[in-house]
Amino acid sequence: MKTYFIQYRPFLIFLIKFFLAYIGLTILYQLYLNQFESLIHFQVDNFTKLVAKQVNETLLFFNYDSNIELHDKEASVKLFLDNVYVARVVEGCNALSVIILFIAFVVAFSGRWLYTLLFILFGSVTIHVLNVLRIALLSIALLRYPEQEHVLHGVVFPLFIYGVVFGLWVIWVNTFSLHATKDSKK
């Protein structure tokens, strides 16, 4: 038994660090979300509202007739393009769960603390910005191809955001983590 622990020590340490970071951040996120819970109905959390506002501003920047409004029957923000209700932005759209997963992996494969902190900050901002662009592009696609909603929302755009996260992880492990080889750090 002791030999297995020694043999698999790096993997076990990775798992422990990953799950501690993931569970800790998830609990903090849930505590944040709980403050928007009401006895009558759920309110939209502030970060989801911010994402919806940034999506709207992005669409306006690219000359789309866009506007948003709080949904009156559920915890979401309605997004309109050309006066057509094309999408709703819900808590799951804000990418915070994806950012938590990203951070947990980086912490589990930690490098020097300053590099770890800077990469978490850089990666989180990158994921957020690309998520806002993803939702804006998805909204445009839904306006033009509403019959493709399942493929666009369920396949294409999740592949995009998780592909970005995977790419960031590869960069982290090969360049900045303590496991990176000296050749890849040059």
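Author: Start with a term: a contact means heavy atoms within 4.5 Å. The model is predicted. Our residue is K78.

K78 lies in strand β2, which covers residues 77–81. Leave aside residues up to four places away in sequence. K78 then touches N67, I68, E69, H71, Y85, A87 and R88. Is K78 buried or exposed? Buried means under 20% relative accessible area. K78 has 16% relative accessibility, so K78 counts as buried.

One of those contacts deserves a second look. The charged end of K78 sits over the ring of Y85. The distance to the centre of that ring is 5.4 Å.

R88 leads us to the largest pocket. R88, C93, R134, L138 and H153 are the lining residues nearest the centre of that pocket. The lining has 24 residues in total. By class, 15 are nonpolar, 5 are polar and 4 are charged. The volume of the pocket is about 440 Å³. Which elements supply at least two lining residues each? They are β3 (84–89), α4 (96–108), α5 (113–144) and α6 (149–176).

For a distance across the model, take K78 and I127. They are 49 residues apart along the chain. Their C-alpha atoms are separated by 22 Å.

Now to aromatic rings. A pair of them is described by the distance of the centres and the angle of the planes. The whole structure holds 17 aromatic pairs. In one of them, F18 and Y22, the ring centres are 5.9 Å apart and the planes meet at 5°, so this pair is stacked. Planes under 30 degrees apart count as stacked. F18 and Y22 both belong to helix α2 (residues 9–34). They are 4 residues apart there, so about one helical turn separates them. F18 counts as buried because its relative accessibility is 14%. Y22 has a relative accessible area of 31%, so Y22 is partly exposed. Ring pairs also link F18 and Y22 into a cluster with F14, F19, F105, F109 and W169.

Finally, step back to the whole protein. It has 6 helices and 3 strands. Along the sequence they follow the pattern α-α-α-β-β-β-α-α-α. The C-alpha trace spans about 65 × 45 × 30 Å along its principal axes. Of the 186 residues, 38% are buried. K78 is one of the buried residues.

Terms used:
Residues numbered from 1 in each chain as written. Predicted model: local features only at pLDDT ≥ 70, side-chain atom pairs only at ≥ 80, totals over all residues. Heavy atoms only, no water. 1 Å grid on protein atoms, 1.4 Å probe; cavity = no way out; pocket = protein on both sides within 12 Å on 5 of 7 lines; lining within 4 Å. Points joined across faces, edges and corners; volume = space filled by probe spheres on them. Nonpolar A, V, L, I, M, F, W, Y, C, P; charged D, E, K, R; others polar. Buried < 20%, exposed > 50% of the residue type's maximum accessible area, 1.4 Å probe, protein only. Phe/Tyr/Trp six-rings, centres within 6.5 Å; stacked < 30°, edge-to-face > 60°. Lys NZ or Arg CZ within 6 Å of the ring centre and 35° of its normal.
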